[in-house]
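Biologist: Before we discuss this model, could you show me the sequence and the structure, so that each term can be set against its definition?

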Amino acid sequence: MDKTKIDWCDSTWNPVTGCLHGCEYCYARGIANRFGFHASEPDINERVLLEMPMSAGKKVPYPFDFQPTFHRYRLDEYRNKRGRNIFVCSMADLFGEWVPDTWIEEVFETCKKSPQHNYLFLTKNPGRYEKLLNCYMPPNMWFGWSQTGPVGADFSFTTHHSVQTFVSMEPLLSPFTEFHIRGVDWVIIGAETGRRKDKVVPKREWIEDIVGQCRKEDIPVFMKSSLMNIWGEQLIQEFPKRLIHEN
Ligand code: SF4
């Protein structure tokens, strides 16, 4: 079970780790490589772990570094815990084209067994949701996608399904002009962190535009703490009603 510094969820849960999208600004790759084992790279179907590997008496949480890996032993981590908002697979893209359907199905089945939680999925490949969401999904499962600018917007997804949706505009790499956000249930905005050479610092006007769109559509907005210096005043940190737990 992972405590988290991610401010829009209570906990993270990583039954699958690793990702092949290759984003330059990826923080997860650095973590996985730092705590990895730099072992051989077996076929993806063999990267299924029934227990956390050990080496010289120490746990090895990423034995295949950032190669997609199914940590089946983590499936039940939240089974009997009090209800919370869980970001599923903060160290992966669970819906990358390379992920076997069976891994996703096992994660979904596990979620359904612990309905006290809200589950927040996030992908850069929302097209895969289209293929997977033909069956009923309970309202505590939230389907989000990351988007760094208006190009490649796939908001049409929201018009075809009755599931809860959110968009994570992070890191904000360009203004979101001429886009339509209707039908989304939540918007998260964040800036790039770290010290990457070509790091993009968003302008305040870009953020104002997004907030304006959300206000028009009555969509809650959550600004990540990475916007603090850019926004320059108290951050707007709203949650949809369904995501708020009583503590
Ligand atoms: S999609 Fe996310 S996890 Fe995958 S490389 Fe990009 S930033 Fe990293």
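Biologist: Why is Trp 142 called buried?

Modeller: Trp 142 has a relative accessible area of 1%, and a residue counts as buried under 20%, as exposed over 50% and as partly exposed in between, with a 1.4 Å probe and protein chains only, so Trp 142 is buried. This is a predicted model, in which local features need pLDDT of at least 70 and side-chain atom pairs count only at pLDDT 80 or more, whereas totals for chains, interfaces and linings use all residues. Residues are numbered from 1 along each chain as its sequence is written, and side-chain values use heavy atoms, with hydrogens and water left out.

Biologist: Where does Trp 142 lie, and what separates its C-alpha atom from that of Thr 165?

Modeller: Trp 142 belongs to strand 10, where strands are DSSP runs of E with at least two residues and helices are runs of H or I with at least four, numbered from the N terminus. Trp 142 and Thr 165 are 23 residues apart along the chain, while their C-alpha atoms are separated by 5.5 Å.

Biologist: Why does His 71 count as buried?

Modeller: The relative accessible area of His 71 is 0%, and therefore His 71 is buried.

Biologist: What makes the backbone at Asp 65 and Cys 89 worth a remark?

Modeller: Asp 65 has a positive phi of about 50 degrees although it is not a glycine, and Cys 89, again a residue other than glycine, has a positive phi near 65 degrees. Most residues other than glycine have a negative phi, and most peptide bonds are trans. Asp 65 is found in the loop between strand 6 (58-59) and strand 7, and because its relative accessibility is 15%, Asp 65 counts as buried. Cys 89 is in the loop between strand 8 and helix 2, and its relative accessible area of 1% is the reason why Cys 89 is called buried. Ala 92 also lies in the loop between strand 8 and helix 2, and Ala 92 counts as buried because its relative accessibility is 13%.

Biologist: Is the peptide bond from Glu 170 to Pro 171 cis or trans?

Modeller: That bond is cis, with omega near -10 degrees, and Pro 171 lies in the loop between strand 11 (164-169) and strand 12 (187-189).

Biologist: Which residues of the largest nonpolar core touch the most other members?

Modeller: Trp 13, Val 88, Leu 94, Phe 121 and Phe 143 do, in a core of 27 residues; a nonpolar core is a set of buried Ala, Val, Leu, Ile, Met, Phe, Trp, Tyr and Cys residues joined through side-chain atoms within 4.5 Å. Among the elements that give two or more residues to this core are strand 8 (85-88), strand 9 (118-123) and strand 10 (141-146), and the largest share, 5 residues, comes from helix 2. A second, separate core has 24 residues, including Phe 176 and Ile 219.

Biologist: Which residues are around the ligand, and which space does the ligand take?

Modeller: Cys 19, His 21, Gly 22, Cys 23, Cys 26, Phe 66 and Lys 124 are around the ligand, each with a heavy atom within 4 Å of it. The ligand takes the space of the largest pocket, a molecule being placed in a pocket or cavity if more than half of its atoms lie within 2 Å of the grid points.

Biologist: What makes a space a pocket or a cavity, and how many cavities of 30 Å³ or more does a search of the whole structure find?

Modeller: On a 1 Å grid over the protein atoms alone, a cavity is a set of points where a 1.4 Å probe fits but cannot get out, whereas a pocket is an open set with protein on both sides within 12 Å along at least five of seven lines, and lining residues have an atom within 4 Å of a point. The search finds 1 cavity of 30 Å³ or more. The volume of the largest cavity is about 50 Å³, and its lining includes Trp 13, Asp 76 and His 117. The largest pocket holds about 1200 Å³ of space, and of its 48 lining residues, Ile 6, Tyr 27, Ala 28, Phe 87 and Ser 90 are the closest to its centre. Helix 1 gives the most to the lining of this pocket, with 4 residues.

How values were computed: Points joined across faces, edges and corners; volume = space filled by probe spheres on them.
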